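Biologist: Hi, I'm new to this one. Could you walk me through it?

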Amino acid sequence: MAKREIQEINAGSMADIAFLLLIFFLVTTTMDTDTGLIRRLPPPPDPDRIDEFDVKKRNVFEVLVNANNQILAKGDYIQVTELRAKVKDFIKSDPNNPTLPEFKEEEIEGLGLFPVSKQIISLQNDNGTSYDMYIKVQNELVGAYNELRNEFAQQKFGKTYQELQQQAGASEKAERQLDAVKKVYPQRISEAEPKKIGGAE
Amino acid sequence: MSKFRKNGKKSQPAVNTAALPDIVFMLLFFFMVTTTMRETTLKVENKIPFATEIEKLERKSLVSYIYIGKPTKEFQTVFGTAPRIQLNDAFKTKEDIFQFVEMERDERDELERNLITWSLKVDQKTEMGIVTEVKQELRKANALKINYSTKKTDKIKN
């Protein structure tokens with residue numbers, strides 16, 4: 001009998017099969033990672049305890065946003081693009097200016113006793129405020145803190161705030177520096193319960 | 001010159017496609033590794049706003065999504081045009097959030113339950129009323145780590 005050759009398997013349609021799978025995965029999956037402004041909500045209020053906070057007026061920066069998306073920052077009607085500079089000035093404060101927040105000496109690791117301003121940002125919005133405007137205001141407030149932290153980190157440690165954040169996982173020194181920067185400019189944004197004031201309803 | 005015209009009559013050989021499946025498989029594996037499965041079909045309009053100071057959410061398995069917005073065209077006849085909350089694949093009311101939080105927690109490991117980030121994907125045009133209600137419900141359920149989902153932009157406008 002003649003020696004029969006083993007026939008080769010036809011692999012011509014392999015590409016088609018692979019393409020089919022590829023297209024299936026392209027359609028059913030998503031690539032985008034979620035990005036956004038990460039915030040922490042205050043814990044639920046305890047009905048048995050009523051906290052009375054006595055905060056001096058000079059330490060509070062009040063931001064009101066009404067239903068027409070207009071902003072009132074510490075009594076002035078301003079545009080959202082002007083907010084960041086205003087908040088920065090307030091947070092930074094000035095020991096010689098009695099209208100800006102007071103300072104309190106605090107023990108910070110690596111820096112010793114350091115004057116930290118007692119600033120609080122109070123944000124209040126209306127039920128009719130658009131989400132878009134709310135995010136813009138939040139963004140500007142966070143941006144003001146980030147810029148100040150950045151300036152401070154560069155001046156004290158020679159690194160930007162972002163660099164410190166990136167290195168914090170790997171190096172203990174960076175982590176300590178990051179903590180110090182955060183303590184010098186602590187993010188204090190308080191959100192009041194919204195009111196149904198003014199505008200559309 | 002005859003050297004070059006030896007097989008003048010022979011037609012051109014076909015391009016060798018033996019490596020094509022390999023290339024396609026490579027692409028396939030790339031997509032399988034870098035992407036994640038789509039879990040929900042959006043039933044609300046969801047154009048999220050822009051911001052500059054954004055952070056990346058690190059672990060996707062620890063993120064739960066809450067969608068808020070106007071129902072899309074096909075659902076408007078039934079659900080109207082007022083902003084609605086979508087949890088997983090269905091329209092829900094704010095009273096359902098507490099239960100949703102509990103369910104999402106049950107799905108995770110015990111150690112990771114407190115690390116869940118609640119990502120609010122809210123349409124730009126939504127008014128704050130419903131967002132605030134959702135936030136209050138999350139507070140009640142002790143789900144405090146939230147994320148306002150936004151896209152990156154270089155500069156915000158008035």
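**Where the chains meet**

Modeller: Happy to! Between chain A and chain B there are 22 residue pairs in polar contact, counting pairs with both residues at pLDDT 80 or more. Keep in mind that this is a predicted model.

Biologist: What about the area buried between chain A and chain B?

Modeller: About 4,900 Å², and carbon and sulfur atoms give 61% of that. On the chain A side, Asp34(A), Leu41(A) and Tyr131(A) lose the most area to chain B, together 17% of what that side buries.

Biologist: How many salt bridges are there between chain A and chain B?

Modeller: The count is 2 salt bridges. In a salt bridge at 2.9 Å, N to O, the side chain of Lys135(B) meets that of Glu191(A).

Biologist: And over all chains, how many salt bridges does a search of the whole structure find?

Modeller: That search finds 11. There is a salt bridge between the side chains of Arg84(A) and Glu140(A), at 3.1 Å, N to O. Arg84(A) sits in helix H2 of chain A and Glu140(A) in helix H3 of chain A, so this pair ties together parts that are 56 residues apart in sequence.

Biologist: Let's switch to strands. In what sense do E1(A) and strand E1 of chain B pair, parallel or antiparallel?

Modeller: Antiparallel, over 2 bridges, with the chain B strand covering residues 36-37. Thr29(A) has Met37(B) as its bridge partner in E1(B).

Biologist: What is the strand order in the open sheet of 5 strands in chain A?

Modeller: The order is E5-E4-E3-E8-E9, with mixed pairing. Strand E5 (76-78) and strand E9 (189-191) of chain A stand at the edges with a single partner strand each, so one side of each has no neighbour in the sheet. From one strand to the next, the twist averages 25°.

Biologist: How many bridges join E3 to E8 in chain A?

Modeller: There are 6, between E3 (residues 60-65) and E8 (residues 120-125), and these strands run parallel. As an example, Leu64(A) has Gln124(A) as its bridge partner in E8(A).

Biologist: Now the open sheet of 7 strands: what is its order?

Modeller: E3(B)-E2(A)-E8(B)-E7(B)-E4(B)-E5(B)-E6(B), again with mixed pairing. Its edge strands are E3 (55-56) and E6 (90-92) of chain B, each pairing on one side only.

Biologist: And how do E4 and E5 of chain B run, parallel or antiparallel?

Modeller: Antiparallel, with 4 bridges joining E4 (residues 63-69) to E5 (residues 84-87). Ile68(B) stands opposite Ile85(B) in E5(B).

Biologist: Which helix of chain B packs on that sheet?

Modeller: Helix H4 (residues 128-140) of chain B, which touches E4, E5, strand E7 (117-122) and strand E8 (145-149) of chain B. The direction of H4 makes about 170° with that of E7(B).

Key
Residues are numbered from 1 along each chain as its sequence is written. Chains are lettered from A and ligands numbered from 1 in the order in which they are written. This is a predicted model: local features need pLDDT of at least 70, side-chain atom pairs count only at pLDDT 80 or more; totals for chains, interfaces and linings use all residues. Side-chain values use heavy atoms; hydrogens and water are left out. Buried area is the accessible area (1.4 Å probe) that two parts lose on being put together, summed over both. A salt bridge is a side-chain nitrogen of Lys or Arg within 4 Å of a carboxyl oxygen of Asp or Glu. A polar contact is a pair of N or O atoms within 3.5 Å; within protein, one must be able to donate a hydrogen and the other to accept it, and residues adjacent in sequence count only if both atoms are side-chain atoms. Two strands pair if DSSP finds at least two bridges between them. Axes are lines fitted to C-alpha atoms, for helices over the stretch in contact, and angles run from 0 to 180 degrees between N-to-C directions. Contact means heavy atoms within 4.5 Å.
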